[in-house]
Amino acid sequence: MRTNVKVIVAGLAALFVVAACASREPALEGQAEDIQVTGSRAQKAGAPPPPPPPPPPSPLAMAPPPPMASLPPPQLTPAQDTERYPDAPINPVKQVAVEPVSTFSIDVDTAAYANVRRFLKDGDLPPKDAVRIEEMINYFDYDYPLPKSRETPFAPFVKLAPSPWGQGKTLLHVALQGYDVRPAARPPLNLVLLLDVSGSMQGPDRLPLAIQAMKILVNDLTEKDHVSIAVYAGAAGVVLEPTSGADKPKILAALESLTAGGSTAGGEGIQLAYTLVERHFDKASVNRVIMSSDGDFNVGISEPDRLKDLVERKRETGIYLTYLGFGRGNYSDQMAQTLTQAGNGIAAYIDTLGEARKVLHDQVQAALLPIADDVKIQIEFNPARVAEYRLIGYETRLLNREDFANDRVDAGDIGAGAAVTAIYELTPPGGKTLVEPLRYQTGPKPAATALDKEVAFLRVRYKPPGAKDSILIERAVTDADAVKDIAAAPEQTRWATAVAGFGQLLRGEPYLDKDYGYDDVLALAQGARGDDEFGWRAEFTQLVRAAETARAMPDGR
């Protein structure tokens with residue numbers, strides 16, 4: 001009982017203290033007022049005056065400081081991997097008796113090779129959909145014969161050689177080599193550099209690397225060129241109005257001022273970039289948007305198909321698009337492919353400063369100066385010489401047979417000095433075919449004709465830049481184009497074949513002999529490295545070894 005009384009008393013005492021403190025608060029306020037009044041009276045009584053008030057601040061000092069950019073912490077690799085690649089099933093084997101004609105759009109992109117390299121250098125095998133074999137093959141220079149004149153922009157190259165991965169099969173190596181343009185003779189450039197400065201572009205391999213890449217390009221511009229800079233994050237804006245290429249300090253300062261932060265209104269940025277190009281469009285110039293992004297759009301128009309419609313409408317005006325991909329973890333290869341295939345442009349993936357130099361300096365004319373639009377290849381196989389065929393790569397570039405002669409159907413574009421390579425695997429009549437013969441539709445054996453010396457017939461269609469009508473090039477593929485052993489094939493064929501074999505191994509394609517492996521790729525590649533001025537082929541052999549190591553790891557595929 002005494003304990004309860006003590007507790008009650010203690011509680012009442014505490015309440016009394018609280019009440020007392022509360023009653024004193026008005027008194028303190030009143031005392032403050034009395035002090036102010038007393039001070040006023042003392043001044044009237046002759047007391048020394050208080051110090052004068054400080055002078056009012058200047059208008060400049062009163063202005064609020066500029067807002068500091070609120071940036072999320074750098075994030076090199078998102079916690080969740082959201083990389084997106086086009087779903088492209090492996091090309092099937094085709095019977096010549098059923099489908100004798102193969103048609104596809106050329107592709108000079110190189111993004112897949114650099115992206116695959118990034119995975120392998122990290123010790124990982126790339127996703128199968130990230131491996132586009134044609135882009136791996138076309139990453140390299142091949143020193144094909146040059147065209148004799150600019151009137152015919154291509155010199156077709158053809159070679160037949162035994163397949164190193166298919167017993168009894170033959171490879172058909174087809175290539176187009178475009179003419180080159182002397183730097184002094186190139187047309188003026190009207191460029192808009194469109195840079196993604198959203199939060200997803202933070203990290204040294206993203207916006208900082210993109211800025212360094214653009215500096216490489218800017219350093220090669222001349223007074224006849226003009227460049228604008230636009231950016232987009234939560235919204236799009238113009239950073240630099242058209243400026244002469246001779247005013248490099250101004251352009252470089254604009255690039256160095258960029259920082260990353262915010263969401264990604266990529267669609268709005270693309271619209272703004274095209275508006276800038278159109279505002280200063282010149283038929284005598286190369287009019288092009290060069291876009292740098294990870295493709296991770298999340299504000300406004302963000303669906304690839306909707307952006308494709310926008311870019312397709314703009315390509316009709318003669319404006320080209322180059323897409324430079326950056327970053328990892330959230331990289332949208334699907335967006336890069338959609339935009340460039342719709343916009344008369346190329347796609348490259350920039351993972352290092354060396355790759356930026358390759359694309360924007362060493363091979364810049366191939367990236368920026370178009371020499372032919374809507375380039376299509378069609379091959380008709382002779383059923384007397386070929387029973388089956390399959391096209392290696394180009395899964396995202398296939399066309400219908402009737403698209404070849406239809407000039408309204410869009411196709412790939414080739415830049416100055418660029419080369420395009422494609423490889424088919426052929427099975428001769430009587431060889432081991434993969435498609436079972438039909439029971440009821442088997443027709444009579446074709447009668448022997450003078451055309452039996454022809455293995456296939458090559459057709460190429462292209463348009464001069466800006467033209468509406470295509471031009472046709474034709475060439476027969478005959479026994480004169482064949483070699484009896486892959487070791488006797490030209491260096492170009494052996495190297496392209498090695499890269500094609502490597503790509504098929506990475507994709508896990510089912511058409512390779514079971515005993516064909518990375519050592520076979522290395523053996524063929526080592527004997528076809530050639531001069532290798534920039535060391536790209538030497539690097540390839542290291543990537544093959546890296547793939548073999550990654551394959552042997554417990555989680556390797």
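Arg132 and Asp333 are joined by a salt bridge whose closest N and O atoms are 2.6 Å apart, a salt bridge being a side-chain nitrogen of Lys or Arg within 4 Å of a carboxyl oxygen of Asp or Glu. This pair connects distant parts of the chain, with Arg132 in the loop between helix H3 (111-121) and helix H4 (133-137) and Asp333 in helix H9 (residues 333-342), 201 residues apart; helices (H or I, at least four residues) and strands (E, at least two) are DSSP runs, numbered from the N terminus. The model is predicted, so that local features need pLDDT of at least 70 and side-chain atom pairs count only at pLDDT 80 or more, while totals for chains, interfaces and linings use all residues. Residues are numbered from 1 along each chain as its sequence is written, and side-chain values use heavy atoms, with hydrogens and water left out.

**Overall make-up**

- The protein has 14 helices and 16 strands, and of its 557 residues 49% count as buried, where buried means under 20% relative accessible area, exposed over 50% and partly exposed in between (1.4 Å probe, protein chains only).
- Among contacts between residues at least 6 apart in sequence, 81% join residues at least 24 apart, contact meaning heavy atoms within 4.5 Å.

**Salt bridges**

- The whole structure holds 29 salt bridges, and in the one between Arg132 and Asp333 both residues are buried.
- Lys215 and Glu256 form a salt bridge with their closest N and O atoms 3.1 Å apart, linking helix H5 to helix H6 (residues 248-256) across 41 residues of sequence.
- Within that pair, Lys215 is buried at a relative accessible area of 16%, whereas Glu256 is exposed at 52%.
- Arg390 and Glu425 meet in a salt bridge of 3.0 Å, N to O, which joins strand E12 to strand E14 over 35 residues, and both of these residues are buried.
- Salt bridges with shared partners connect Arg117, Lys121, Asp351, Glu355 and Glu539 into one network.

**Aromatic pairs and charges over rings**

- A search of the whole structure finds 20 aromatic pairs, for which rings of Phe, Tyr and Trp (its six-membered ring) must have centres within 6.5 Å, with planes under 30 degrees apart counted as stacked, over 60 as edge-to-face and the rest as tilted.
- The pair of Phe104 and Tyr394 is tilted because its planes lie at 45 degrees, with the ring centres 4.6 Å apart, and the two residues are 290 residues apart in the chain.
- Phe381 and Tyr424 form an edge-to-face pair, 5.4 Å centre to centre with 70 degrees between the planes, connecting strand E11 (residues 370-381) with strand E14.
- The charged end of Lys358 sits over the ring of Trp536, 4.7 Å from its centre, the criterion being NZ of Lys or CZ of Arg within 6 Å of the ring centre and within 35 degrees of the ring normal.

**Nonpolar cores**

- The largest nonpolar core has 77 residues, of which Leu172, Leu195 and Phe381 touch the most other members, a nonpolar core being a set of buried Ala, Val, Leu, Ile, Met, Phe, Trp, Tyr and Cys residues joined through side-chain atoms within 4.5 Å.
- Helix H5 (residues 207-218) gives the most to this core, with 9 residues.
- Leaving aside neighbours within four places in sequence, Phe381 is in contact with residues including Leu172, Val386, Tyr424 and Val455.
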